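Below are a few exercises, each with a worked solution to check yourself against.

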Amino acid sequence: MRDFGIGTIDAVNEYVDNSIDAGAGDIWISLSEDSEGRKTLIIEDNGRGIKQGNIQEVLRYGGRIDQPEAKVGKFGFGLPASSICQSDRTDIWTNHENEDNGFYRSYLDIEYLGDNGNIPPQEPEELPTDEYNLNLDPSAGHGTVIVLKELRNPDYVKISTLVRHIKEQIGRVQRHQMVNGVNIYVNGEEIPIRDPLMMIEGSKECQKFGKSEPWSEGTIEFSADGYSGEIEYKIVILPVGALQSVSRKERTDYGINQDGQGFYLVRNDREIKGGVTLSIYAKNNDLNYFRCELQFSEDLDTAFGIETNKSRCSLSDRLRPTLEREIGDQIPDIRDRIREIKSENQSSDRDTYDAAEKAFNESSAWMPPNAVAIDQQTRKEQENNADEELQNIRDKIHEGDGDLDYLKELEYRLETIKKSEGHVYEFEVAQPSENGFYGYENHGKLLKTKINPNHIFYKEIFSDLEDTNNPLDQIYWELFLMAMVKAENEARNEDQKRFFRTLRQNLSSSLSTLLSELQKETE
């Protein structure tokens with residue numbers, strides 16, 4: 001049961017789903033940590049509450065209660081599965097709006113369940129306001145409070161990192177519910193709406209970059225194998241110019257990379273999955289600015305292959321051809337439009353270098369040359385493209401057309417690509433082809449080091465380095481990883497190549513094991 005595969009953020013989303021189905025207008029999420037590192041998660045809402053006779057049913061695997069308005073939390077064992085995956089003990093206090101007997105409490109306890117094989121009966125009990133700093137007003141007469149003590153394996157060890165990621169994920173996953181009037185708070189702070197399509201007024205993205213360029217939208221009528229329903233789609237091109245005006249790091253923070261591009265599946269106003277291709281197209285850097293939202297109801301759960309915890313999906317063989325025909329055929333034209341916009345703005349996905357890239361490229365002249373020869377045709381194309389872009393940039397500098405500092409940085413990068421006799425080294429946050437904590441891609445003169453944003457090393461160490469007091473911390477790591485990539489790229493025969501691949505795999509595996517063990521020891 002404990003290995004059901006539901007992470008902390010997945011579980012929080014499950015609790016929020018249940019609160020929304022109960023008609024809550026306000027939902028409070030609280031995370032705290034005591035002096036010994038034990039973390040407590042509390043979810044509160046001012047929804048209808050649970051009727052006294054249904055509390056045990058809610059905590060039982062597969063338990064179902066009559067909620068005619070339930071649209072988001074469709075399945076019966078989301079709450080118990082989510083709870084057991086997070087903690088050995090989950091307490092719940094609730095009072096239904098149509099009952100005036102006060103709050104009742106029951107709990108889901110691993111030890112009690114093992115000894116007795118059931119959920120303990122509910123008992124009348126006031127909210128634990130003396131023990132916890134709750135937000136729900138006990139005099140409101142209805143609502144629910146869920147407390148999970150001593151989280152076992154939270155997604156992130158640092159409480160501040162966990163809070164930050166919950167804010168980002170909940171703000172995105174529940175964005176349409178928030179537009180509809182649901183207020184969600186984390187540790188007393190209201191979550192901002194996060195819109196990957198950059199179309200919702202007031203979202204964090206629109207406030208910073210403006211709104212996207214609408215491409216197309218429509219409704220697909222789908223029917224197959226006994227189920228049918230409508231799929232509403234909306235395709236946009238993100239505001240390329242505004243996004244290209246900020247640093248690569250900032251674009252990555254807003255999901256402007258290959259991990260963020262593509263389809264976003266929204267079931268009953270709740271995002272199920274985002275940044276996926278659905279095997280309808282191949283990812284491409286130009287398509288980092290392509291987004292397509294698919295809205296559908298629970299009637300098409302089978303067609304989309306929605307799993308019980310609503311965090312995974314798999315298209316049916318009948319649905320994919322329909323989406324390929326209706327949407328996939330538009331993608332080549334979308335890519336051409338993005339390239340046109342980028343050309344108009346004289347921008348590219350790799351515009352300027354950070355300090356580590358500058359230092360490494362300036363030092364590479366006296367380093368041993370790479371053994372891998374650069375394809376001469378690709379080299380010539382890259383140098384010609386850089387030369388053409390350089391002329392345009394220098395014209396802008398001469399005319400004072402644009403941000404001079406930004407244009408100078410862009411000029412520096414293009415000169416590096418044009419003049420370098422050997423490889424030009426770049427660093428990016430992106431999924432490498434092999435599932436280690438880092439990897440690389442060799443394309444002509446460009447040797448790109450990729451750090452894996454899904455590896456525990458990135459989540460627990462690298463992503464927090466910018467918040468440290470020493471700004472060199474992240475630079476040192478980037479230099480180290482680019483040096484590792486340079487060494488691997490110098491391999492002269494298959495034995496040497498195999499050695500470096502094995503070394504990279506072993507480093508990734510060891511880091512994953514050590515950091516996972518450290519998480520357990522610090523809990």
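Before the first exercise, one term: a crossing is left-handed if the near helix is turned anticlockwise from the far one by less than a right angle, and right-handed if clockwise. Keep in mind too that this is a predicted model.

**Exercise 1. Work out how helix α13 and helix α17 cross, and which residues make the contact.**

Solution. 
- Step 1: find the two helices. Helix α13 covers residues 355–363, and helix α17 covers residues 472–489.
- Step 2: look at their axes. These come within 9 Å and cross at roughly 45 degrees.
- Step 3: name the arrangement. Angles under 35 degrees would count as roughly parallel and 65 to 115 as roughly perpendicular, so α13 is oblique to α17.
- Step 4: get the hand. Going by the definition above, α13 and α17 make a right-handed crossing.
- Step 5: list who touches whom. From α13 come A355, A356, E357, A359 and F360. From α17 come I475, E478, L479, M482, A483 and K486.

**Exercise 2. Classify two aromatic pairs: F222 with Y227, and F263 with F290.**

Solution. 
- Step 1: Searching the whole structure turns up 16 aromatic pairs.
- Step 2: take F222 and Y227. Their ring centres are 6.4 Å apart and their planes sit at 35 degrees, so this pair is tilted.
- Step 3: check the surroundings. F222 has a relative accessible area of 5% and is buried; Y227, at 13%, is buried as well.
- Step 4: move on to F263 and F290. Here the centres are 6.0 Å apart with the planes at 90 degrees, and because over 60 counts as edge-to-face, that is the label for this pair.
- Step 5: F263 is in strand β11 (residues 262–267) and F290 in strand β13 (residues 290–296), so-called distant parts of the chain, 27 residues apart.
- Step 6: check burial again. F263 comes out at 0% relative accessibility, hence buried, and F290 is buried with 0% too.

**Exercise 3. Find which charged residues sit over the rings of Y412 and Y438.**

Solution. 
- Step 1: start at Y412. K358 lies over its face, 5.3 Å from the ring centre.
- Step 2: go to Y438. The charged end of R504 sits over this ring, 5.9 Å from the centre.
- Step 3: look around Y438. Together with F437, F457, W477 and F480, Y438 forms one aromatic cluster.

**Exercise 4. Decide how covered helix α3 is, and what covers it.**

Solution. 
- Step 1: count. In α3 (residues 78–86), 9 of its 9 residues are buried, and the helix is mostly covered.
- Step 2: name some of them. Among the buried residues are L79, I84 and C85.
- Step 3: find the cover. It includes α1 (8–21), α2 (55–59) and α4 (110–116), along with strands β3 (89–95), β4 (104–109) and β6 (143–148).

How values were computed:
Residues numbered from 1 in each chain as written. Predicted model: local features only at pLDDT ≥ 70, side-chain atom pairs only at ≥ 80, totals over all residues. Heavy atoms only, no water. Phe/Tyr/Trp six-rings, centres within 6.5 Å; stacked < 30°, edge-to-face > 60°. Buried < 20%, exposed > 50% of the residue type's maximum accessible area, 1.4 Å probe, protein only. Helix = DSSP H or I, 4+ residues; strand = E, 2+ residues; numbered from the N terminus. Lys NZ or Arg CZ within 6 Å of the ring centre and 35° of its normal. Axes fitted to C-alpha atoms, helices over the stretch in contact; angles between N-to-C directions. Parallel < 35°, antiparallel > 145°, perpendicular 65-115°, else oblique. Contact = heavy atoms within 4.5 Å.
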